[in-house]
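Colleague: Please take one part of this model and go through it closely. State the cut-off for each term when it comes up.

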Amino acid sequence: MALFIPTYFAPISQYAAICQSDNVVFEVYDNFQKQTYRNRCYIYGANGKLSLNIPVKHKTSEGRKKTKDTLVENDFSWQQQHFKSMQTAYRASPFFEFFEDDLDTIFSKKYKYLHDVNLDAHNFITDALELNTNFTKTQEYSIAAENDFRSLAIAKKGVEINMDTYIQMFDDKHGFIPNLSILDLLFMEGRNSISFLEKISVNLK
């Protein structure tokens, strides 16, 4: 069993681990944590690494909230902003146009829970990459797992990722940026992304 946190268009490191796993299980009974990929992803913008954050509702009176119960704050037009940022960054990429309509479906859908956004994002990626890896969800919080990749969801945690470089949209200005959102690899390499993911070595610190 390989245990993951469902995140927002997860970084390449997470999909490398998913691609190399036979039994993917998503932890849905963990407590929501800030500064993680649960509600953010990083793409390659014209000025370098660009963070896209989903606003979530925080009520201090409620105490700790399970990630599966975390509500999206829809008073902000985050979906429109995120989709526009992706279009601006990747419109000229080799493969963005092939996935734009399916992305538009996600960014046009109204979500109540962050959990649902992330699972839709994951299903989009597995369809785009033609990954035959199914997933299940935990029924309670898992203390440990044989292959525990939950720490890949921590944006501030150091992750060593050894991967081949690929052409990125603005690498002539800012150089190669590793471990961005899987979207960056997908839009640049299309379904050839699988050949990159299968060779990546991920070392958790």
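A close look

Modeller: Phe76 counts as exposed because its relative accessibility is 52%; the classes are buried under 20% relative accessible area, exposed over 50% and partly exposed in between, with a 1.4 Å probe and protein chains only. The model is a predicted one, in which local features need pLDDT of at least 70 and side-chain atom pairs count only at pLDDT 80 or more, while totals for chains, interfaces and linings use all residues. Residues are numbered from 1 along each chain as its sequence is written, and side-chain values use heavy atoms, with hydrogens and water left out.

Phe76 sits in the loop between strand S4 (48–53) and H2; helices (H or I, at least four residues) and strands (E, at least two) are DSSP runs numbered from the N terminus. Between Phe76 and Ile54 there are 9.3 Å, C-alpha to C-alpha, at a sequence separation of 22 residues.

Two packed helices are described by the angle between their axes and the distance between the axes. For H2 and H3 the axes come within 10 Å and cross at roughly 170 degrees; axes are lines fitted to C-alpha atoms, for helices over the stretch in contact, and angles run from 0 to 180 degrees between N-to-C directions. The two helices are therefore roughly antiparallel, a label for angles over 145 degrees, with under 35 as roughly parallel, 65 to 115 as roughly perpendicular and the rest as oblique.

On the H2 side, Trp78, Gln79, His82, Phe83, Met86, Gln87 and Tyr90 meet Phe96, Glu100, Leu103, Asp104, Ile106, Phe107 and Ser108 of H3, where contact means heavy atoms within 4.5 Å. Sorted by class, eight of the residues in this contact are nonpolar, four are polar and two are charged. Here Ala, Val, Leu, Ile, Met, Phe, Trp, Tyr, Cys and Pro count as nonpolar, Asp, Glu, Lys and Arg as charged, and the others, Gly among them, as polar.

H3 covers residues 96–108, and its 13 residues should span 18 Å at 1.5 Å a residue; the end C-alpha atoms are 17 Å apart, so the two agree. The expected span is 1.5 Å times one less than the number of residues. H3 also has a kink of about 35 degrees centred on Asp102, the bend being the angle between axes fitted to the seven residues ending at a residue and the seven starting there. Phe96, Phe99, Leu103, Ile106 and Phe107 of H3 are buried. The buried residues of H3 pack against H2 (78–90), H4 (114–129) and H6 (182–189).

H4 is mostly covered, with twelve of its 16 residues buried. Among them are Leu114, Val117, Leu119, Phe124, Ile125 and Leu129, along with His115 and His122. Glu130, which follows H4, has a positive phi near 55 degrees.

On the way to H6, Asn179 lies in the loop between H5 (171–174) and H6. Asn179 has a positive phi of about 60 degrees although it is not a glycine, and its relative accessible area of 14% makes it buried.
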